[in-house]
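Colleague: Could you pick one part of this model and take me through it up close? I'd like to know how it sits against the rest of the chain.

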Amino acid sequence: MRQPAKTFQDLIVWQKAHQFILLVYPFTAHFPKSEIYGLTSQFRRAGISIAANIAEGFKKKGLADKVRFFNIAQGSLEECRYYLILSNDLEYGDTSGLTLQLEEVSKLLTSYAKSILNSDS
């Protein structure tokens, strides 16, 4: 059995979300300069929000508070899902790897939120 996480950095879901945003930066760096305040900025902010809200929710005491932050992270994740579709449709690059990574984060986040809701803590 795995040890309980001591910090948010111990969470696999956070690690995967962090890996995702680390991939988003170089991907969006190749977007047209006209997107610097548009899609590039929005995509990066939404990606950061996934990992940041997982981190923030980790330290919250109440279950409702914890789950609220994970729900915000899931909303940001869906926003990134749309940005991947848009980036693909605009032919800004190959989104297949990022899409797979995002799907993994989504599944982990859903499982993690369910486990929090089902816990007694």
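Modeller: Let's take helix 4 and begin with its length: at 1.5 Å a residue, its 22 residues should span 32 Å, and the end C-alpha atoms are 32 Å apart, so the two agree. The expected span here is 1.5 Å times one less than the number of residues. Helices are DSSP runs of H or I with at least four residues, numbered from the N terminus.

A word on the ground rules. This is a predicted model, in which local features need pLDDT of at least 70 and side-chain atom pairs count only at pLDDT 80 or more, while totals for chains, interfaces and linings use all residues. Residues are numbered from 1 along each chain as its sequence is written, and side-chain values use heavy atoms, with hydrogens and water left out. As for pLDDT, that is the predictor's confidence in each residue, from 0 to 100. The chain has a mean pLDDT of 94, with 97% of its residues at 70 or more.

Now, which residues of helix 4 are buried? They are Leu 98, Gln 101, Leu 102, Val 105, Ser 106, Leu 109, Tyr 112, Ala 113 and Ile 116. Looking down the helix axis, these buried residues fall within an arc of 145°, so they line one face of helix 4. The arc is taken from the directions that run from the helix axis to the C-beta atoms. Buried means under 20% relative accessible area, exposed means over 50%, and partly exposed is in between (1.4 Å probe, protein chains only). On the face turned away from the buried side, helix 4 carries the exposed residues Leu 100, Lys 107 and Lys 114.

What does that buried side pack against? Its partners are helix 1, helix 2 and helix 3. Contact here means heavy atoms within 4.5 Å.

The largest nonpolar core has 31 residues, and Phe 20, Phe 43, Ile 50 and Ile 54 touch the most other members. Two or more residues come from each of helix 1 (12–29), helix 2, helix 3 and helix 4 (96–117), with helix 2 giving the largest share, eight residues. By nonpolar core I mean a set of buried Ala, Val, Leu, Ile, Met, Phe, Trp, Tyr and Cys residues joined through side-chain atoms within 4.5 Å. In soluble globular proteins, nonpolar side chains tend to be buried together. Take Phe 43: leaving out residues up to four places away in sequence, Phe 43 touches Phe 20, Val 24, Phe 27, Thr 28, Phe 31, Cys 80, Tyr 83, Leu 84 and Ser 87.

Thr 95 counts as buried, because its relative accessibility is 7%. Beyond its neighbours within four places in sequence, Thr 95 is in contact with Phe 27, Leu 84, Ser 87 and Asn 88. Back in helix 3 (residues 63–89) you'll find Ile 85, which is partly exposed at 46% relative accessibility. The C-alpha atoms of Ile 85 and Thr 99 are 8.9 Å apart, although the two are 14 residues apart in sequence.

Charges next. Side chains of opposite charge can pair when their charged atoms come close. The structure holds four salt bridges, each a side-chain nitrogen of Lys or Arg within 4 Å of a carboxyl oxygen of Asp or Glu. One of them joins Glu 104 to Lys 16, with the closest N and O atoms 3.4 Å apart. Glu 104 sits in helix 4 and Lys 16 in helix 1, so this pair ties together parts that are 88 residues apart in sequence. Glu 104 is partly exposed, at a relative accessible area of 32%.

Another salt bridge pairs Glu 78 with Arg 81, at 2.9 Å from N to O. Both lie in helix 3, three residues apart, about one turn of the helix. Salt bridges with shared partners join Glu 78, Arg 81 and Glu 103 into one network. Glu 78 is partly exposed at 38% relative accessibility, and Arg 81 is partly exposed too, at 24%.
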